[in-house]
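This briefing covers the nonpolar cores, the strand pairing, the ligand shell and selected loop residues of one model. Please read it alongside the sequence and the coordinates.

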Amino acid sequence: MFGYLAAAALCLVAVLVLRSDPWSLCEVPGLSSLFPEQCRGQAGRLLSKGELSSYDGGHGSPGLYLAVLGQVFDVQKGMKHYGPGGSYSFFTARDASRAYVTGDFAEGGLVDDVSELSPSQMLHLNNWLSFYQKNYVAVGKLIGHFYDEYGNPTKALEDALAAIDVGLKLKEKRHEENKQFPPCNSEFSSGISRVWCSKNSGGIQRDWVGVPRKLYLAGFDGYRCVCVRATGPSSENPESEVHDNRGDLDNPSLKEYKDCNPLFDWCLLKE
Ligand code: HEM
């Protein structure tokens, strides 16, 4: 009974404090996770690297924080992952943006320099940022690599955002290419590789199956297996009434697999 009364009193105090100074509760370690709505807007706090480094969840530390692309999050509710001894404790109390993509969790890899990452790697990092924005409470910004001492974006952040933008455009382009040339299904067993086409290979739903071909794209090394529509007009002239009824088979970026029947919708790879 006394326990319930004490809990109720604590809640009342919390509500009153939140009403008079909504941000003060958000400063209490872990409480921002209990009041996500109230604390979500408090992304204006600026932390120095030294300040952030004390938020490692250890004994006497003020809380459990980490940063991605300079944005600081309270990850107290993910204590089992990020707390001392947790599998991902190396991410806490710092901005280790690069390691989210490279998987290099050695001290030298746990850094915020993302300038060497490719646009598609930056897109991957952006997915992690979205993950934290969705699942954890934003605390503020880390002064240093991505934000200056006034909380303004640095050149490094502008470059990172530009790379993410390029990554998004490439993804969009790849999606369009995939509609014309959906990736093949593939499997490897007992030393034999098999590729084959189906109406949903590569996650592209369509009303044709297609035949496997090697697609060589300018600017990319090697090739990838794609399913090629083998009937109707080519994708370049979809409305054309005069055509060879060979679909995209004559596209110059395609090559047949050696030792495979070019009309079959599957192929055993011996190369
Ligand atoms: C670049 C490589 C990787 C990174 C950056 C990474 C990162 C993370 C992070 C940050 C979390 C915590 C997410 C949260 O806050 O809830 C997590 C959880 C987890 N990761 Fe990884 N991870 C990687 C690779 C892997 C691999 C290869 C495996 C499996 C073989 C794996 C298995 C798991 C599991 C099982 C969880 C816990 C899920 C849960 O209990 O909610 N991770 N990972």
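The largest nonpolar core comprises 34 residues, and those with the most contacts inside it are L52, Y65, L66, V72, F73 and L142. A nonpolar core is a set of buried Ala, Val, Leu, Ile, Met, Phe, Trp, Tyr and Cys residues joined through C-beta atoms within 7 Å. A residue is buried if 20 or more other C-beta atoms lie within 10 Å of its own, exposed if 12 or fewer, and partly exposed in between, with C-beta atoms placed from the backbone. The model is predicted: local features need pLDDT of at least 70, side-chain atom pairs count only at pLDDT 80 or more, and totals for chains, interfaces and linings use all residues. Residues are numbered from 1 along each chain as its sequence is written.

**Nonpolar cores**
- At least two residues of the 34-residue core come from each of β2 (65-68), β3 (71-74), α6 (97-102), α7 (119-135), β4 (137-142) and α8 (155-180). Helices (H or I, at least four residues) and strands (E, at least two) are DSSP runs, numbered from the N terminus.
- Another core, of 12 residues, lies apart from the largest one and includes V195, L215, C225 and C267.
- L142 is in contact (C-beta atoms, placed from the backbone, within 7 Å) with L47, K49, L52, A67, G70, V72, D95 and Y147, not counting residues up to four places away in sequence.
- In soluble globular proteins, nonpolar side chains tend to be buried together.

**Strand β4 and its partners**
- β4 is mostly covered, with six of its six residues buried.
- Strand β1 (residues 45-47) runs parallel to β4 and is joined to it by three bridges; two strands pair if DSSP finds at least two bridges between them.
- β3 and β4 are antiparallel and joined by four bridges.
- G140 of β4 is the bridge partner of R45 and also of V72.

**The sheet β8-β7-β9**
- Three strands form an open antiparallel sheet in the order β8-β7-β9. β8 (224-228) and β9 (254-255) stand at the edges and each has a single partner strand, so one side of each is left without a neighbour in the sheet.
- Two antiparallel bridges pair strand β7 (residues 211-215) with β9, and K214 has K255 of β9 as its bridge partner.

**Ligand shell**
- G78, H81, Y88, F91, Y100 and G103 surround the ligand; a residue is near a molecule if its C-beta atom, placed from the backbone, lies within 6 Å of it.
- The shell holds three nonpolar, three polar and no charged residues. Ala, Val, Leu, Ile, Met, Phe, Trp, Tyr, Cys and Pro count as nonpolar, Asp, Glu, Lys and Arg as charged, and the others, Gly among them, as polar.

**Loop residues**
- C197 is located in the loop between β6 (192-196) and β7, and it counts as buried because it has 27 C-beta neighbours inside 10 Å.
- Contacts of C197, not counting residues up to four places away in sequence, are C184, V209, G210, V211, P212, C227 and D265.
- A distance of 8.8 Å separates the C-alpha atoms of C197 and P182, which are 15 residues apart along the chain.
- S190, in the loop between β5 (185-189) and β6, has a positive phi of about 50° although it is not a glycine. With 4 other C-beta atoms within 10 Å, S190 is exposed.
- D259, in the loop between β9 and β10 (266-269), likewise is a residue other than glycine with a positive phi, near 65°. D259 counts as exposed, with 10 C-beta neighbours inside 10 Å.

Definitions and conventions:
Two residues are in contact if their C-beta atoms, placed from the backbone, lie within 7 Å.
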